[in-house]
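Me: I am new to this structure and want to know what its labels rest on. Take me through the helix contacts, then the spaces inside.

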Amino acid sequence: MRAFSHLTEVAYHESAHAVCCWFLGGDVEKLTIEPGAEEERTVEGFCQHSLAHVPGGHRGDTSAVVGLAGVAAHRIFHPERDPSPNCRGDVAQVDQLIAHGLTTLNREALMRMTQQLVAEQWPLIDRLALVLLERGTLGHAEVEAILGAS
């Protein structure tokens, strides 16, 4: 049961990245969750996306919001648990964007925006996560079909 729970958590984490990217004008190329060895109870997840179509002046903030989306989903999905290593890695990447002056807002403001967006888009995140759990990998066309059907 624990492995399934972690698999589900990662599916929601990655789906939040995908939905926020899509909602903010980016493209989601591929979405994947893959269970690791059962004895290790690990799950790998990845949201391959592009923000090339997002206007340059907003790309840093958009990238940060997409980056924090998994953390925001974790706070909804498991508010009582500490963030996963994936969440900590996402926050570290956003901190690098901030440190290099690529965002106009600080992490707290970015997180508030992200949490609001994730909460508003939770039905889409839920729909995408459930299909991702069923299939394991979704390509661009599948993601677009699921998200565009709302």
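Reply: Start with the angle. Axes are lines fitted to C-alpha atoms, and angles run from 0 to 180 degrees between N-to-C directions. The model is predicted. In it, helix H2 (residues 59–77) and helix H4 (residues 107–120) pack at an angle of about 65°, and their axes lie 8 Å apart.

Me: How do you know that H2 and H4 meet, and through which residues?

Reply: Contact means heavy atoms within 4.5 Å. On the H2 side, the residues that meet H4 include Ala64, Val65, Leu68, Ala72 and Ile76. On the H4 side, Leu110, Met111, Thr114, Leu117 and Val118 are among them. By class, this contact of H2 with H4 has 14 nonpolar, two polar and three charged residues.

Me: Which hand does the crossing of H2 and H4 have?

Reply: A crossing is right-handed if the near helix is turned clockwise from the far one by less than a right angle. H2 passes H4 in a right-handed crossing.

Me: Why is H2 called roughly antiparallel to H3?

Reply: H2 and helix H3 (residues 85–99) pack at an angle of about 160°. Angles over 145 degrees count as roughly antiparallel. So H2 is roughly antiparallel to H3. Their axes are 9 Å apart, and their crossing is left-handed.

Me: What makes up the contact of H2 with H3?

Reply: Gly60, Ser63, Ala64, Gly67, Leu68, Gly70, Val71 and His74 come from H2. They meet Cys87, Asp90, Val91, Val94 and Leu97 in H3. The classes are seven nonpolar, five polar and one charged. Gly counts as polar here.

Me: What makes a space a cavity, and how many does the search find?

Reply: In a cavity, a 1.4 Å probe fits but cannot get out. The search of the whole structure finds one of 30 Å³ or more. About 40 Å³ of space lies in the largest cavity.

Me: Which residues line the largest cavity?

Reply: His6, Glu9, Val10, His13, His74, Ser84, Asn86 and Cys87 do. Helix H1 (2–23) gives the largest share, four residues. H1 and H3 each supply at least two. The lining has two nonpolar, five polar and one charged residues.

Me: What makes a space a pocket instead, and what is the volume of the largest pocket?

Reply: A pocket is an open set with protein on both sides within 12 Å along at least five of seven lines. The largest pocket has a volume of about 300 Å³. It is lined by 16 residues, and His17, His49, Gly67, Asp90 and Gln93 lie nearest its centre. H1, strand E2 (43–50), H2 and H3 each give two or more residues to this lining.

Me: Which element gives the most to that lining?

Reply: H3 does, with six residues. By class, the lining of the largest pocket has five nonpolar, nine polar and two charged residues.

Terms used. Residues numbered from 1 in each chain as written. Predicted model: local features only at pLDDT ≥ 70, side-chain atom pairs only at ≥ 80, totals over all residues. Heavy atoms only, no water. Parallel < 35°, antiparallel > 145°, perpendicular 65-115°, else oblique. 1 Å grid on protein atoms, 1.4 Å probe; cavity = no way out; pocket = protein on both sides within 12 Å on 5 of 7 lines; lining within 4 Å. Points joined across faces, edges and corners; volume = space filled by probe spheres on them.
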